[in-house]
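Okay, thanks for making time, everyone. I've got one model to walk through, so let me put it up on the screen.

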2 protein chains.
Amino acid sequence: MSTDHRPIGVFDSGIGGLSVLKHLVRLLPHERFVYLGDTARVPYGNKSPETVRLYSAQCAAFLLTHDVKMIVVACNTASALALDTLRTSASIPVIGVIEPAAREAVRRTRNKHIGVIGTRATIASDSYNRSIELASQGNTYFVHSRPCPLFVPLVEEGWLDTPSTRVIAEEYLKPLIANKIDTLVLGCTHYPLLEPVLQSLLAGVELIDCGACAAEDARIALGAEQHQGVSPTPEISLYVTDHTPAFTMLASQFLGMPVEEPVRVSLDTLASTQANR
Amino acid sequence: MSTDHRPIGVFDSGIGGLSVLKHLVRLLPHERFVYLGDTARVPYGNKSPETVRLYSAQCAAFLLTHDVKMIVVACNTASALALDTLRTSASIPVIGVIEPAAREAVRRTRNKHIGVIGTRATIASDSYNRSIELASQGNTYFVHSRPCPLFVPLVEEGWLDTPSTRVIAEEYLKPLIANKIDTLVLGCTHYPLLEPVLQSLLAGVELIDCGACAAEDARIALGAEQHQGVSPTPEISLYVTDHTPAFTMLASQFLGMPVEEPVRVSLDTLASTQANR
């Protein structure tokens, strides 16, 4: 157990990051967590890189006012576009979801054909390609990417396994199947909720949950032992920039446990927090 | 032709309002237009009423700095949640998309069963029910509403008539068809692009395009004659809060004509414009 009792900060554009927090809580049950979901500006996946960087910097600045010892960027789009900037400006470890998932994909693939699905912004950023290349140690891997912008609204509609979800998933996965991927990175924190449908369409393909990989990286960075035994009730402070219907409806499903009512922090507060740093 | 040469202001959460602007340009070809799409915070349909009101007030304040003579709220969610507030604070006419479409639906229905589809926020606001009741002149109309949150991402994905679009549309329209609607209000400015699919699933049902109705209201409010003859090239100043991929991809499709590169206005500018009023 860490002797540094400061909390771990986690942020996302909205609700999706709770699927990352789920794994953090599981691997680090004795830690405290501060989670910020920028629900007033969700999603990030359809915004420009410049705007995603601005919003991410504001989220990180807010977490730093809570004296966090580490920031986990629990959003693929923000990890793809803002991680370098955040690392430069913060004096604490900043962990994204892309590098850990890319390393895991390289470890797990057997035929070296890795699929990556994500938001339009994540895929356009080419971050998974770069991270897989960095992890490749000189070997050649074939990365087959596909933006799947309908998956987030499908999950938020609660249509996790309907006929339309299947039709859409088949359409999106068609080129990846044609390229004979044996490993698929779920490059968006909403996608683990679609795992049953995706797995049923991708027999024998390994699905990589970026949240699980990032949580393992966080555990190693904190030097924490692998947890054994019964976990205590996790201590989570939840903040959102807007009380949106989706958060209330889906938060406990993403986190895998009941969720308390989040505290709203205004965008003005967020902007001034960053300006004062 | 109006002797007031000031432009008409139009705003939306993003790109959808261009389908309203299309009708404004058609009915009022000699007017100038200033359009603001709040693409840095799009969509509004999944945000809270409080947040939609704040964003709408900022958009309206920005348009007022362009000395507009009228504001058209080219967004159903903003019309549903912010129109009263905007009307109270502005000294010029403010036209929303809901009242005109509700009046048109009442005029057109024969069996008094009106369907309304829109975003989650629009439907939850009950605005169409209230506006139809106001237009009913004591008659009883049956309003059958259904939020269709997947339609906007489907349109933005460019899947206007794919098998999955049909499956999703069938699912959404099922209860409306069961209720024997003979008129359907397309209560979101993205939906007119789905008209062919919707019409094919709703034989004999009249579809109401809220943008066309709002444009007609604007024409009447300005005392403009019905336009005859060849239209000049419209004079449109386009502003966005973020240069997003969707805007570039889809703007001309929504407007029905080529679109110039929009000018970006920062959220800071937007917020300070409102604060200074």
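I'll go from the interface to the core, and then to a few individual residues.

Quick housekeeping: this is a predicted model, so local features need pLDDT of at least 70 and side-chain atom pairs count only at pLDDT 80 or more, while totals for chains, interfaces and linings use all residues. Residues are numbered from 1 along each chain as its sequence is written, chains are lettered from A and ligands numbered from 1 in the order in which they are written, and side-chain values use heavy atoms, with hydrogens and water left out.

On chain A, 33 residues are in contact with 32 residues of chain B, where contact means heavy atoms within 4.5 Å. Together the two chains bury about 2,500 Å², and 59% of that is on carbon and sulfur atoms; buried area here is the accessible area, with a 1.4 Å probe, that two parts lose on being put together, summed over both.

How many salt bridges does the rule find across the interface of chain A and chain B? Four, taking a salt bridge as a side-chain nitrogen of Lys or Arg within 4 Å of a carboxyl oxygen of Asp or Glu. E157(A) and R120(B) form a salt bridge through their side chains, at 2.6 Å from N to O.

Which elements give two or more residues to chain A's side of this? They're α2 (49–64), α7 (151–156), α8 (163–178) and α11 (245–255) of chain A. Helices here are DSSP runs of H or I with at least four residues, strands are runs of E with at least two, and both are numbered from the N terminus. The biggest giver is α8(A), with six residues.

Now the core. The largest nonpolar core has 199 residues, and F151(A) and F151(B) touch the most other members. A nonpolar core is a set of buried Ala, Val, Leu, Ile, Met, Phe, Trp, Tyr and Cys residues joined through side-chain atoms within 4.5 Å. Buried means under 20% relative accessible area, exposed means over 50%, and partly exposed is in between, with a 1.4 Å probe and protein chains only. Leaving out residues up to four places away in sequence, F151(A) touches a set including I117(A), Y172(A) and L198(A).

Two polar residues next. N76(B) is in helix α3 (residues 76–89) of chain B, and it counts as buried because its relative accessibility is 2%. A polar atom of the N76(B) side chain lies 3.2 Å from the backbone oxygen of G187(B). T189(A) is in the loop between β7 (183–187) and α9 (195–201) of chain A; at 3% relative accessibility, T189(A) is buried too. Its side chain has a polar atom 3.4 Å from the backbone oxygen of G16(A).

Last, some backbone geometry. V42(A) and P43(A) are joined by a cis peptide bond, with omega about -5 degrees. In chain B, a cis peptide bond joins V42(B) and P43(B), again with omega about -5 degrees. P43(B) lies in the loop between β2 (32–37) and α2 (49–64) of chain B.

And is D126(A) buried or partly exposed? Partly exposed, because its relative accessibility is 40%. D126(A) isn't a glycine, yet its phi is positive, near 65 degrees, and D126(A) sits in the loop between α5 (120–125) and α6 (127–135) of chain A. For D126(B), phi is near 65 degrees as well.

Terms used. A polar contact is a pair of N or O atoms within 3.5 Å; within protein, one must be able to donate a hydrogen and the other to accept it, and residues adjacent in sequence count only if both atoms are side-chain atoms.
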